[in-house]
Amino acid sequence: MEDKIVCVCTHSGDDTERASMPFVMSVAALAMDTQATIVLQGDGVNLAKKGYVDDLPPGGGFPPLKKLLADFLELGGKLGVCGPCIKSRNIAESDLIEGAAVTAAAQVLEEAASATTVLTY
């Protein structure tokens, strides 16, 4: 089995430190040749909205989320966004950044089951 990490992110501008951690961990994993998937759920789905991260202040001494998100996608990270969560927040799929894929529960469970590590923030 190839090493794979899945991080579930449930925060956005409400807690930029906790919103940053899945990206920090996933970028580190990708740099170590480990597959990385971030699943945005709850308020975390806001991070996938076009322009949302552009002006967020850095959290917890980490680089700005705009940089973390760009690095994650550039290194080949997979970004899943909870379909029901965006729907309840009136976010259309067309409002999502390039590289974000709308997911459902079964897809998230498959990602988690195939991972060597799952972290939740």
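D43 has a relative accessibility of 33% and so counts as partly exposed, a class that lies between buried (under 20% relative accessible area) and exposed (over 50%), as computed with a 1.4 Å probe on protein chains only. R89, at 30% relative accessibility, also counts as partly exposed. The side chains of D43 and R89 meet in a salt bridge with an N to O distance of 3.0 Å. This pair links distant parts of the chain, with D43 in the loop between β2 (35–40) and α2 and R89 in the loop between α3 (83–88) and β4 (100–103), 46 residues apart.

The structure is a predicted model, in which local features need pLDDT of at least 70 and side-chain atom pairs count only at pLDDT 80 or more, while totals for chains, interfaces and linings use all residues. Residues are numbered from 1 along each chain as its sequence is written, and side-chain values use heavy atoms, with hydrogens and water left out. Helices (H or I, at least four residues) and strands (E, at least two) are DSSP runs, numbered from the N terminus.

## A network centred on charged side chains

The whole structure holds 4 salt bridges, each defined as a side-chain nitrogen of Lys or Arg within 4 Å of a carboxyl oxygen of Asp or Glu. One of them joins the side chains of E111 and K4, at 2.7 Å from N to O. E111 belongs to helix α4 (residues 105–113) and K4 to strand β1 (residues 4–9), so this pair ties together parts that are 107 residues apart in sequence. Both E111 and K4 are buried, and for E111 the relative accessibility is 14%.

E111 also takes part in a salt bridge with K78, where the closest N and O atoms are 2.6 Å apart. This second pair again links distant parts of the chain, since K78 lies in strand β3 (residues 78–82) and E111 in helix α4, 33 residues apart. K78 is partly exposed, with a relative accessible area of 47%. Taken together, K4, K78 and E111 are linked in a network of salt bridges.

## The parallel sheet

An open sheet is formed by 5 strands in the order β4-β3-β2-β1-β5, with parallel pairing, where two strands pair if DSSP finds at least two bridges between them. At the edges stand β4 and β5 (117–120), each with a single partner strand, so one side of each is left without a neighbour in the sheet. From one strand to the next the twist averages 25 degrees, with axes taken as lines fitted to C-alpha atoms, for helices over the stretch in contact, and with angles running from 0 to 180 degrees between N-to-C directions.

Strands β1 and β2 run parallel and are joined by 6 bridges; V6, for example, has T37 in β2 as its bridge partner. Between β2 and β3, which also run parallel, there are 4 bridges, and here I38 has L79 in β3 as its bridge partner. Of the 5 residues of β3, 4 are buried, so this strand is largely enclosed by the rest of the structure. Helix α2 lies across β2 and β3 and runs at about 120 degrees to β3.

## The nonpolar core and its aromatic pair

A nonpolar core is a set of buried Ala, Val, Leu, Ile, Met, Phe, Trp, Tyr and Cys residues joined through side-chain atoms within 4.5 Å. The largest such core has 29 residues, and those with the most contacts inside it are F23, I38, L40, V45, L47, L65 and F72. At least two residues of this core come from each of β1, α1, β2, α2, β3 and α3, and α1 gives the most, with 5 residues. Leaving aside residues up to four places away in sequence, I38 touches several residues, including C7, P22, F23, F72 and L79, where contact means heavy atoms within 4.5 Å.

The structure has 1 aromatic pair, counted where rings of Phe, Tyr and Trp (its six-membered ring) have centres within 6.5 Å, with planes under 30 degrees apart called stacked, over 60 edge-to-face and the rest tilted. F23 and F72 make up this edge-to-face pair, at 5.8 Å centre to centre and with 90 degrees between the planes. F23 sits in helix α1 (residues 16–31) and F72 in helix α2 (residues 65–74), so the pair ties together parts that are 49 residues apart in sequence. Both F23 and F72 are buried.
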